[in-house]
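Biologist: Hi! Could you walk me through this structure?

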Amino acid sequence: MDNVWAVLFRTPPDDSTGKPHILEHLTTCGSKNYPCRDPFFNMMKRSLNSYMNAWTGSDFTMYPFSTTNAKDYENLLRVYTDFSFFPKMDYYDFRQEGHRLEFENPEDPDLSNLVVKGVVFNEMKGVVSSPNE
């Protein structure tokens, strides 16, 4: 039987810049007691979870997981609770996850175009360009 846990926050957007989605990503990039880079993805490799994710809806952000193993549940609960309530919010993680402008060729900025980059930007570009989504 699955042991299930989730925390859900109201995150109504005040504009269309994607701040709640960026914050969802930042939250999983480390926390007070787990300051390592991406503990969320490290757990996915080491956990016995049957489900792990984080997502942002139109006006909420949710961090759910489930596992059939009691010890794994305790471990996941500890990490999820920490990054949900005490995220690290590192500036460099924000620069990676948020949207930013970069030169197409950083070696030659004088002859390069500016391009928009960022994990959330690329994720949303893929979702919006899919007819199924």
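Biologist: Let's start with Val7: does it count as buried or exposed, and why?

Modeller: Val7 counts as buried because its relative accessibility is 10%; buried means under 20% relative accessible area, exposed over 50%, and partly exposed in between, with a 1.4 Å probe and protein chains only. Please keep in mind that this is a predicted model, where local features need pLDDT of at least 70 and side-chain atom pairs count only at pLDDT 80 or more, while totals for chains, interfaces and linings use all residues. Residues are numbered from 1 along each chain as its sequence is written, and side-chain values use heavy atoms, with hydrogens and water left out.

Biologist: Where does Val7 lie?

Modeller: Val7 is in strand S1. Strands (E, at least two residues) and helices (H or I, at least four) are DSSP runs, numbered from the N terminus.

Biologist: And which residues is Val7 in contact with?

Modeller: Leaving aside neighbours within four places in sequence, Val7 touches Thr61, Met62, Tyr63, Ser84 and Phe85, where contact means heavy atoms within 4.5 Å. The C-alpha atoms of Val7 and Tyr80 are separated by 8.6 Å, and these two are 73 residues apart along the chain.

Biologist: Switching to helix H3, which of its residues are buried?

Modeller: They are Asp72, Tyr73, Leu76, Val79, Tyr80, Asp82, Phe83 and Ser84. The buried residues of H3 pack against strands S1 (3–10), S2 (49–52) and S4 (60–67), and against helices H1 (19–27) and H2 (39–46).

Biologist: What happens at the start of H3?

Modeller: There, a side-chain oxygen of Asn69 reaches to within 3.0 Å of the backbone nitrogen of Lys71.

Biologist: Okay, now Ser31. Where is that one?

Modeller: Ser31 lies in the loop between H1 and H2. Ser31 counts as buried because its relative accessibility is 2%.

Biologist: What does the side chain of Ser31 make a polar contact with?

Modeller: The partner is the side chain of Asp82, at 2.5 Å. A polar contact is a pair of N or O atoms within 3.5 Å; within protein, one must be able to donate a hydrogen and the other to accept it, and residues adjacent in sequence count only if both atoms are side-chain atoms.

Biologist: Last one: how does Phe103 count, and why?

Modeller: Phe103 counts as partly exposed, because its relative accessibility is 36%. Phe103 is found in strand S5.
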